[in-house]
Amino acid sequence: MGFSLKVGIVGLPNVGKSTLFNALLKRQVANVANYPFCTIEPNVGVIEVPDKRLPVLAKIVNTQTIVPAAIEFYDIAGLVKGASTGEGLGNKFLSYIREVSVIVHVVRLFEDSNIIHVANTINPESDIEVIESELILADLGTLSKQAEIRMNATKEEKATRAAIDFLIPLLNKGTPVRRVGLTEDQKQSIKHLNLLTSKPVIIAFNVSEKQLEEKDLTEKRASEYLRNVGESSHFLLFCAKLETEVLALSQEEQVEYLKQYNLTETGLDRLIRTAYHTLSLISFLTAGEKEVRAWTIKKGTLAPLAAGVIHTDFEKNFIKADIISYDIFINVGGWINAREQGVVQTVGRDYEMRDGDVAEFKTSA
């Protein structure tokens, strides 16, 4: 089926991970009690990717069934210093991170004397470094467990060993794998090890409402923190408290409420957009009487592979695809008019899918 986007929410205890998770899911599923390790099992939630194009398409093709793309969010218990060696809830949680496509690292910027900080002080740089260090140590543990190569080792085994020997000294110096600049061949040779620091990271700074009002100043401070720790990941500001309050409002009220903070969308929408951008993901669309649906693929995916996202047999038996951009599809009013007006493009195996392509695949079976 489609690309499965899994996002892991990590951070020190009491930084607002579970509050963010609850806001994302639009329902209370995680325990947000004010003490470390209240999250004993990772909370997993599947949420819809907001896409305003889908209801418009549904109206045109006259269907009631809309299937948006989905993202899995994993709320992973608060890591602490020493997690890689079993401190707190230890390695169990690091193993959950291995399953995700992108890590959202929640960092606390807000001050609140009622909510304890695990280190008793608000220090974003230190918090970022603690989590990064634990992930680096976990990766070093993974690499040190890999067997030395045998005399009759395969070419692949030799490539993996060479990449491991190259990475160990860099990790020991505190450089995460994602910042090393590995070649595509090197990346392939260690892919099966699923190293934690090879995953892209989005830093989500949890701020107060006042800090959100002073957005430019807060963003400048956040950029400085990241620069000081040598981090070049995407970041965004969100206010977990505000995200929770927004949930109780209607769609129209939400727009007005967010406007007070010069925001046009919720933290959820911004986080999803950032995740798509970070992972170079796009959506193509299918629109028929049965259903209207969004499918997530990597940028640069060719038509047969995109067809295979719908059904594996579609890739195998791919003949061609009828493609039309969303905007043109809407303007002409659907498939029949589009074909009559000659604006449908028939493409072959070498066509690279674009975001918002409305597609109909032709197969031999």
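Predicted model: local features only at pLDDT ≥ 70, side-chain atom pairs only at ≥ 80, totals over all residues.
## Overview

The protein has 15 helices and 12 strands. Its exposed surface comes to about 18300 Å², and carbon and sulfur atoms supply 51% of that area. Of the contacts with a separation of 6 or more, 69% join residues 24 or more positions apart.

## The six-stranded sheet

Six strands form an open sheet in the order β2-β4-β1-β5-β6-β7. The pairing is mixed. Strands β2 (43-48) and β7 (234-238) are the edges, and each pairs on one side only. From one strand to the next, the twist averages 25°.

Within this sheet, β5 (residues 102-108) and β6 (residues 201-206) run parallel and are joined by 6 bridges. Ile103 stands opposite Val201 of β6.

## Helices on the sheet

Helix α1 packs on the sheet and touches β1 (5-10), β2, β4 (70-75), β5 and β7. The direction of α1 makes about 35° with that of β2. Helix α8 (residues 215-228) also packs on the sheet, where it touches β6 and β7. The direction of α8 makes about 140° with that of β7.

How much of α1 is buried? In this helix (residues 17-25), 8 of the 9 residues are buried, so α1 is largely enclosed by the rest of the structure. The buried residues are Lys17, Ser18, Leu20, Phe21, Asn22, Ala23, Leu24 and Leu25.

## Gln211 in helix α7

Gln211 sits in helix α7 (residues 209-213). Is Gln211 buried or exposed? Its relative accessibility is 11%, so Gln211 counts as buried.

A polar atom of the Gln211 side chain lies 2.8 Å from the backbone nitrogen of Ser208. Leaving aside residues up to four places away in sequence, Gln211 touches Leu109, Phe110, Thr218 and Arg221.

## The β8-β9 hairpin

Strand β8 (281-287) pairs with β9 (residues 292-298) in the antiparallel sense over 7 bridges. A hairpin of 4 residues joins the two strands. One of the bridges sets Thr286 against Arg293 in β9.

β8 is mostly covered, with 7 of its 7 residues buried. Both of its faces are covered. Leu281, Ser283, Leu285 and Ala287 lie on one side. Ile282, Phe284 and Thr286 lie on the other.

## Aromatic pairs

How many aromatic pairs are there? The count comes to 6. Tyr257 and Tyr261 form one that is edge-to-face, at 6.1 Å centre to centre and 75° between the planes. Both Tyr257 and Tyr261 are buried.

Ring pairs also link Phe284, Trp295, Phe318 and Phe361 into a cluster.

## Two loop residues with positive phi

Most residues other than glycine have a negative phi. Asn262 has a positive phi, near 55°. This residue is in the loop between α10 (251-259) and α11 (267-278). At 65% relative accessibility, Asn262 counts as exposed.

Ser280 also has a positive phi, near 55°. Its place is in the loop between α11 and β8. Is Ser280 buried, partly exposed or exposed? With a relative accessible area of 37%, Ser280 is partly exposed.

## Asp313 and Thr363

Asp313 lies in helix α13 (residues 312-316). Its relative accessible area is 33%, so Asp313 is partly exposed. How far apart are Asp313 and Thr363? In sequence, 50 residues separate Asp313 from Thr363. In space, their C-alpha atoms are 8.5 Å apart.

Technical notes:
Residues numbered from 1 in each chain as written. Heavy atoms only, no water. Buried < 20%, exposed > 50% of the residue type's maximum accessible area, 1.4 Å probe, protein only. Polar contact = N/O pair within 3.5 Å; in protein donor to acceptor, adjacent residues only side chain to side chain. Contact = heavy atoms within 4.5 Å. Phe/Tyr/Trp six-rings, centres within 6.5 Å; stacked < 30°, edge-to-face > 60°. Pairing = 2+ DSSP bridges. Axes fitted to C-alpha atoms, helices over the stretch in contact; angles between N-to-C directions. Areas by Shrake-Rupley, 256 points an atom, 1.4 Å probe, with all protein chains shown as cover.
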